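Colleague: I have some questions about the terms used for this model. Please set each value against its cut-off.

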Amino acid sequence: MKYRFIVEPWLCTGCRTCELACAFSHARNLKPGRSRIYPLAHAKDKYVPVTCLQCDDPACVKSCFFNALRRNEETGAIELDLGRCVKCMACVAACPFGCALVDEVHDEIVKCDLCQGDPACAHFCPSKALRYTRLP
Amino acid sequence: MVTIHINGKAVQAEDGEMLLTTIRRQGIDIPALCHHDAVEPCGSCRLCMVEITKKEWNGWSRHVTSCLYPVEAELIIATHTPYLQELRQTIIELYMARSPHSEVIQKMAGEYGITQTRFQTVPDGDNCIMCYACTRICAELGCFAISAAERGHDKVISGPLREAPVDCVGCLSCAQICPTHFIEWTDDDTGRTIWERRFELLACKKCGKKTITKDFAEYQSRKRNLPMSYFDICDDCKRMELSKTMGRIVVSAEEATQ
Ligand code: SF4
Ligand code: SF4
Ligand code: FES
């Protein structure tokens with residue numbers, strides 16, 4: 001892995017720009033997708049942008065019996081191959097952080113794919129709480 | 001990588017991948033009911049047939065199921081010849097006779113401009129087209145809970161000895177993959193029913209939302225070494241917990257630096 005997605009929650013203002021950026025960059029058939037990231041308040045006016053942690057030992061990958069979830073070694077993201085997914089909900093239930101999601105609009109399972117190496121959320125985050133940087 | 005020719009266009013393809021994969025990557029739409037990336041191809045629906053030839057075949061050609069035919073260098077492929085279209089129409093008509101009530105088949109017939117079948121209809125024909133997608137996905141899972149029982153006209157997919165499948169974990173993969181939506185299941189307040197078996201659905205310990213069956217969670221836990229505690233709460237509550245945990249870390253770090 002050459003890159004790392006960095007979240008600095010103390011910079012997050014809860015503006016939800018990341019959510020918009022994600023939903024629109026994952027739009028299909030002119031319909032925005034379910035956002036794979038969004039700020040959740042843990043105290044008044046204190047937010048944590050919650051998204052997939054791209055775990056080193058991912059429970060979602062283990063839980064999928066159909067190899068639909070695999071690591072992209074270049075970007076570090078665990079990507080979901082929709083062609084192999086049968087919506088058994090194993091990953092949704094197994095991820096300890098709840099970051100494999102059901103997109104009701106498209107009737108699909110979705111998760112953060114780090115936008116193939118150019119995460120829209122990090123691009124648009126006005127307070128730089130989200131960054132995607134090359135590892136030294 | 002090898003070069004093949006699809007409908008007159010030179011195309012790069014992975015050596016050994018199935019033709020259907022290459023064809024679809026080109027955005028060419030050919031019908032295929034029994035194919036799914038998650039299972040081994042079996043070539044039962046015959047809809048994905050294409051015409052193949054090679055320069056050195058002296059004008060001879062073959063018709064093959066593209067989902068089962070591995071790419072070879074210099075193949076020349078046609079996907080929509082009049083003969084192929086006729087072939088597909090015949091197959092669709094056969095399915096119309098077999099499964100007269102299937103919306104999926106009717107839709108496909110509509111796309112091919114077919115209004116009626118020339119074959120004798122099975123009036124009470126169900127929507128199972130015997131493609132084995134369900135048994136193949138269940139095998140992929142490692143459960144092998146269902147298979148074909150009986151012979152000929154009486155053939156059905158079911159548990160062993162036509163009884164409720166003891167090895168089923170109620171994951172719904174079979175129902176989800178079934179191309180004609182034949183496999184029925186129901187979820188209600190007290191659990192899930194599929195293949196005449198009743199399953200307990202896990203409920204989130206925080207909000208009560210139903211997740212997957214207890215049997216499926218236990219199966220994952222056993223086969224994939226996942227702690228059962230992973231299934232205690234639902235994805236919504238887990239994300240909230242993540243926010244709270246990270247929030248606590250931020251707050252204590254802020255306090256430490258003050
Ligand atoms: S829902 Fe899809 S990606 Fe998730 S475990 Fe099931 S088949 Fe794999
Ligand atoms: S629901 Fe039962 S029969 Fe169907 S794929 Fe899952 S384990 Fe197999
Ligand atoms: S998809 Fe090839 S035979 Fe069914």
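Modeller: This is a predicted model. Chain A and chain B bury about 3,000 Å² between them, with 67% of that area on carbon and sulfur atoms.

Colleague: What makes an area a way to describe an interface?

Modeller: The size of an interface is often given as the accessible area lost when the parts come together. On the side of chain A, F65(A), F66(A) and V86(A) supply 22% of the area buried against chain B, more than any other three residues.

Colleague: How many residues does the contact take from each chain?

Modeller: The contact takes 37 residues from chain A and 31 residues from chain B. The cut-off is heavy atoms within 4.5 Å.

Colleague: Why is T51(A) called buried?

Modeller: Buried means under 20% relative accessible area. T51(A) has 5% relative accessibility, so T51(A) counts as buried. T51(A) sits in the loop that runs between strand 3 (46–50) and helix 2 (59–63) of chain A. Leaving aside residues up to four places away in sequence, T51(A) touches F5(A), R36(A), I37(A), C99(A) and C112(A), as well as L242(B).

Colleague: What does the side chain of T51(A) reach at 3.0 Å, and what makes that a polar contact?

Modeller: The side chain of T51(A) reaches the backbone oxygen of R36(A) at 3.0 Å. A polar contact needs a pair of N or O atoms within 3.5 Å, one able to donate a hydrogen and the other to accept it.

Colleague: Which residues around ligand 2 are cysteines, and which helices supply at least two residues of the shell?

Modeller: Among the residues around ligand 2 are C138(B), C168(B), C171(B) and C174(B). Helix 4 (133–141) and helix 5 (173–177) of chain B each supply at least two residues of the shell. C174(B) is at 8% relative accessibility and therefore counts as buried.

Colleague: How do the shells around the two ligands divide by class?

Modeller: Around ligand 2 there are ten nonpolar, two polar and no charged residues. The shell around ligand 1 has twelve nonpolar, no polar and one charged. Cys counts as nonpolar in this scheme. Of the 13 residues that surround ligand 1, the closest are C64(A), L80(A), C85(A), C88(A) and C91(A).

Terms used:
Residues are numbered from 1 along each chain as its sequence is written. Chains are lettered from A and ligands numbered from 1 in the order in which they are written. This is a predicted model: local features need pLDDT of at least 70, side-chain atom pairs count only at pLDDT 80 or more; totals for chains, interfaces and linings use all residues. Side-chain values use heavy atoms; hydrogens and water are left out. Helices (H or I, at least four residues) and strands (E, at least two) are DSSP runs, numbered from the N terminus. Buried means under 20% relative accessible area, exposed over 50%, partly exposed in between (1.4 Å probe, protein chains only). A residue is near a molecule or strand if one of its heavy atoms lies within 4 Å of it. Buried area is the accessible area (1.4 Å probe) that two parts lose on being put together, summed over both.
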